[in-house]
Amino acid sequence: MTDTARTARAGVPEHPTLDGLEDSWARRWQEEGTYAFDRTKTYVPADTSGRAGRRDVVFSIDTPPPTVSGELHMGHVFSYTHTDTVARFQRMRGKAVFYPMGWDDNGLPTERRVQNVYAVRCDPTLPYDPAWQPPATPVTEQQRRQPTSISRRNFVELCERLTAEDEQVFETLWRRLGLSVDWSLTYTTIGRAARTVSQRAFLRNLARGEAYQADAPTLWDVGFATAVAQAELEDRDRPGAYHRLRFTGPGGHEVLIDTTRPELLPACVALVCHPDDERYADLVGATVRTPVFGVEVPVRAHPLAEPAKGTGLAMVCTFGDLTDVTWWRELDLATRVVIGRDGRLLPEPPAGVPAGPYAALAGQTVNGARSALVGMLSDAGDLVGEPRPTTRPVKFYERGDRPLEIVSTRQWYLRNGGRDARLRGELLARGGELRWVPEHMKHRYDHWVGGLTGDWLVSRQRFFGVPVPVWYRLDDVGEPDYAHPLTPDESTLPVDPSGEPPPGYDESQRGVPGGFVGDPDVLDTWATSSLTPQIVGGWESDPDLFAQVFPMDLRPQGQEIIRTWLFSTVVRSHLEHGVLPWRTAVLSGWILDPDHKKMSKSKGNVVTPMALLQQHGSDAVRYWAANGRPGMDLAFDAAQIKVGRRLATKLLNASKFALGLGAADALRTPATTPLDTAMLAELSTVVAAATAAFDAYDHTAALQATETFFWRFCDDYIELVKERAYGSGPGADSARAALATALSVQLRLFAPVLPFVTEEVWSWWRYGSVHRAPWPTTYEVKRAITGTGDPALLRLAADALGQVRRAKSERKLSMKAEVPLAEALGPAALLEQLTMVADDVRAAGRIDKLDLLPDRTPELVVACAF
């Protein structure tokens with residue numbers, strides 16, 4: 001970076017334009033390191049502070065890494081613009097802003113995108129083929145229906161290739177939007193640093209007993225073929241039907257139950273009623289026989305049973321839903337699993353279920369088995385009446401398109417308070433320490449933590465992710481010893497157990513009795529994303545940097561991922577460091593379409609931003625985004641983007657006009673006339689309001705205060721003062737001084753929201769970058785005032801001039817038309833004030849003679865004679 005680049009002034013162009021500003025300034029900002037995190041600024045001698053960095057001069061942001069599996073949309077523009085206004089404000093306040101950008105590129109969304117783009121599927125049993133090349137895209141729908149099977153390594157390489165391409169597209173858009181991130185701090189959640197941090201944190205969780213394995217009922221996505229965590233669930237209403245089944249009770253009496261999942265009848269392990277349901281009091285403790293299969297199952301009582309639902313008796317199956325899991329665990333019931341990981345009924349019946357009737361169900365899909373079993377029940381006379389249609393909530397993985405099943409699998413879990421009241425209380429207390437913007441969002445955190453029913457399932461049966469860093473010894477018959485996993489030394493991280501042997505073994509011992517096997521799973525993407533402060537902050541790898549940026553100052557994010565990203569990050573920081581990961585969390589609202597419906601890809605109402613940025617300019621789009629407060633929804637409105645364009649254009653033109661009057665040479669000289677000091681006094685209140693708003697993370701209020709003043713400055717003050725400013729002498733000098741101060745201050749007030757146009761204008765007459773200039777202060781503005789300014793004078797002068805203009809307009813006269821005589825009527829005190837600005841009013845209104853007539857009217861009235 002050269003001194004010339006820092007200090008060059010461009011001069012006022014003859015024809016200023018907004019077009020092309022994004023490309024030219026984005027390039028210069030990168031070349032000049034305008035937004036680079038300056039670690040030298042935070043350095044102090046060790047003998048002064050005892051450490052090599054000053055945390056108080058740093059403002060660090062834990063930026064959400066967008067998922068690299070599609071297109072950025074206006075929701076991204078909305079929330080990331082909000083964060084950028086904070087970063088720019090803090091930088092101008094003198095902070096060394098640590099503002100990285102990350103890409104969340106591992107996990108299921110990336111795998112699904114690769115499968116769709118290249119028509120491939122991963123088969124980990126296949127060997128790596130270094131010569132394999134993907135098909136040319138776009139692929140056909142036929143190719144997607146018959147995907148090519150490739151090895152895990154080939155598949156992972158394809159994921160890396162596609163995400164690298166997507167990341168370049170994303171970065172281009174972010175630069176176009178003007179995000180002031182330090183691009184040298186970019187990271188990916190599958191990169192080497194992220195894998196190292198993720199595996200180190202997991203190993204430490206394991207060593208402290210916070211990570212553990214369990215073979216237990218697991219929510220399973222059949223389409224993705226992986227386990228799913230509680231935080232990733234969503235309910236979707238789906239049509240179904242209640243079937244009334246006849247069980248046989250003691251003495252041959254019929255016992256009726258209603259179920260929407262008759263296909264799980266072979267998995268039935270009990271019937272459950274409420275303890276207070278007198279209808280079944282005599283039945284509790286007895287057994288009944290299932291229809292079709294004739295299996296004896298107990299009848300038990302449990303408070304979760306609902307007497308008013310169906311017959312009041314519920315069929316407990318292993319496993320139909322999460323309530324089945326609760327009953328199975330708390331009532332210590334048997335296990336009869338019938339659904340496999342592929343979503344089909346297992347080829348063999350569970351123990352105790354006769355093979356004869358089960359054979360008709362083996363290998364069937366859930367829907368196929370349901371149809372077959374309903375037919376069998378009907379034939380046996382055990383289906384009572386016709387199925388009754390209903391709509392019911394069904395659990396889905398938030399990114400999946402098939403209902404979840406519950407299957408028994410071995411998985412890794414991380415303790416999160418779901419089964420530990422003490423830890424739950426600690427995490428709730430952490431939520432109370434955090435500053436929430438807006439404050440009511442804390443209730444969502446409390447509700448989520450208070451409603452947890454189990455620990456965090458962190459393993460996934462996928463391929464493109466951070467490998468679980470453990471191996472297992474194989475005994476003499478080749479069975480894994482899951483109770484004593486083999487772990488690597490932290491100095492060797494990151495590791496891939498599927499391709500590297502554990503310490504003390506070699507590759508020839510993989511998969512053979514007496515040897516070892518690597519854990520085949522990867523960590524949930526949130527298990528890595530929950531460590532973004534540690535990844536970007538250099539945890540363990542750069543202790544000095546970590547001390548300067550952690551805990552971070554700000555976590556900006558969407559409200560819908562409080563339960564996932566925010567909570568999981570709190571969990572990891574609490575367990576590892578015993579502190580919150582950041583001081584403040586700012587939550588975004590939703591982007592709504594013009595009909596005020598939430599934008600989503602599934603609804604097809606998403607607007608992508610690049611065309612809007614190109615058509616209207618980035619400052620205009622940022623202006624629209626900045627009109628949405630944290631936590632508040634904002635409707636997409638192209639008209640408001642046009643308002644932003646008009647504002648940026650006006651800023652160009654008004655600045656050119658002021659500088660054309662010689663304002664640049666009058667900076668830091670005092671304003672002396674009443675009208676000039678009145679304008680600056682009002683500007684001082686705007687500076688105070690905008691500063692307080694930004695301190696409160698209310699960028700919208702800051703913009704509104706600044707914009708309101710700017711239009712008054714253009715429409716009133718400039719019109720009132722320009723005749724005087726064209727002249728010479730003390731009055732002209734005062735006008736130019738006031739214009740200079742006002743322009744300098746307003747450019748800096750607008751800079752967080754409108755970075756391109758403010759930088760352009762700043763370069764015409766000031767040195768360096770406006771984004772490195774100090775944030776304006778009330779002291780700075782008041783220092784430019786001689787005496788005391790009265791903002792009421794500006795409003796009074798504007799009112800008088802407005803009445804003169806209105807009179808001309810009503811007579812269809814030009815604003816330049818002369819007014820031979822004008823009479824100002826009003827309270828004497830008000831007219832006395834008007835005398836202080838009367839010369840400017842006469843000049844702006846082209847009034848030959850202005851007579852003041854006190855106490856004729858209760859308020860100011862200006863009458864014009866033509």
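The following legends describe close-up views of a predicted model.

Local features are reported only at pLDDT of at least 70 and side-chain atom pairs only at pLDDT 80 or more, whereas totals for chains, interfaces and linings use all residues. Residues are numbered from 1 along each chain as its sequence is written, and side-chain values use heavy atoms, with hydrogens and water left out.

**View 1. The largest nonpolar core has 90 residues.** A nonpolar core is a set of buried Ala, Val, Leu, Ile, Met, Phe, Trp, Tyr and Cys residues joined through side-chain atoms within 4.5 Å; buried means under 20% relative accessible area, exposed over 50%, and partly exposed in between (1.4 Å probe, protein chains only). Leu680, Phe713 and Tyr717 have the most contacts inside this core. Helix H22 (residues 699-725) gives the most to the core, with twelve residues; helices (H or I, at least four residues) and strands (E, at least two) are DSSP runs, numbered from the N terminus. Contact means heavy atoms within 4.5 Å. Leaving aside residues up to four places away in sequence, Leu680 touches Ala671, Ala738, Thr741, Ala742, Val781, Ala784 and Ile785. Another core, of 77 residues, lies apart from this one and includes Leu264, Val288, Trp412 and Val468.

**View 2. Helix H24 (residues 755-765) is mostly covered.** Eleven of its eleven residues are buried, among them Phe756, Glu759, Trp762 and Trp765. The buried residues of H24 pack against several helices, including H2 (21-32), H4 (74-92), H7 (152-177) and H23 (730-750).

**View 3. Leu554 lies in strand S23 (residues 552-558).** Leu554 counts as buried because its relative accessibility is 1%. Not counting residues up to four places away in sequence, Leu554 touches Phe59, Ser60, Ile61, Asp62, Val86, Trp582, Thr584, Val586 and Tyr697. Of these, Val586 is 32 residues from Leu554 in sequence, and the two are 7.3 Å apart in space, C-alpha to C-alpha.

**View 4. Four strands form an open sheet in the order S8-S7-S16-S18, with antiparallel pairing.** Two strands pair if DSSP finds at least two bridges between them. Strand S8 (226-227) and S18 stand at the edges with a single partner strand each, so one side of each is left without a neighbour in the sheet. S16 and S18 run antiparallel and are joined by two bridges; Leu414 has Trp456 in S18 as its bridge partner.

**View 5. The largest cavity has a volume of about 150 Å³.** On a 1 Å grid over the protein atoms alone, a cavity is a set of points where a 1.4 Å probe fits but cannot get out, a pocket is an open set with protein on both sides within 12 Å along at least five of seven lines, and lining residues have an atom within 4 Å of a point. The whole structure holds six cavities of 30 Å³ or more. The largest cavity is lined by 17 residues, with Ala229, Ala231, Asn416, Trp456 and Arg563 nearest its centre. H17 gives the most to this lining, with four residues.

**View 6. The second largest pocket has a volume of about 690 Å³.** Among the 28 residues that line this pocket, Arg152, Gly518, Asp519, Pro520 and Asp521 are the closest to its centre. Strand S16 (405-414) is one of the elements that give two or more residues to the lining, and its share of three residues is the largest.

How values were computed: Points joined across faces, edges and corners; volume = space filled by probe spheres on them.
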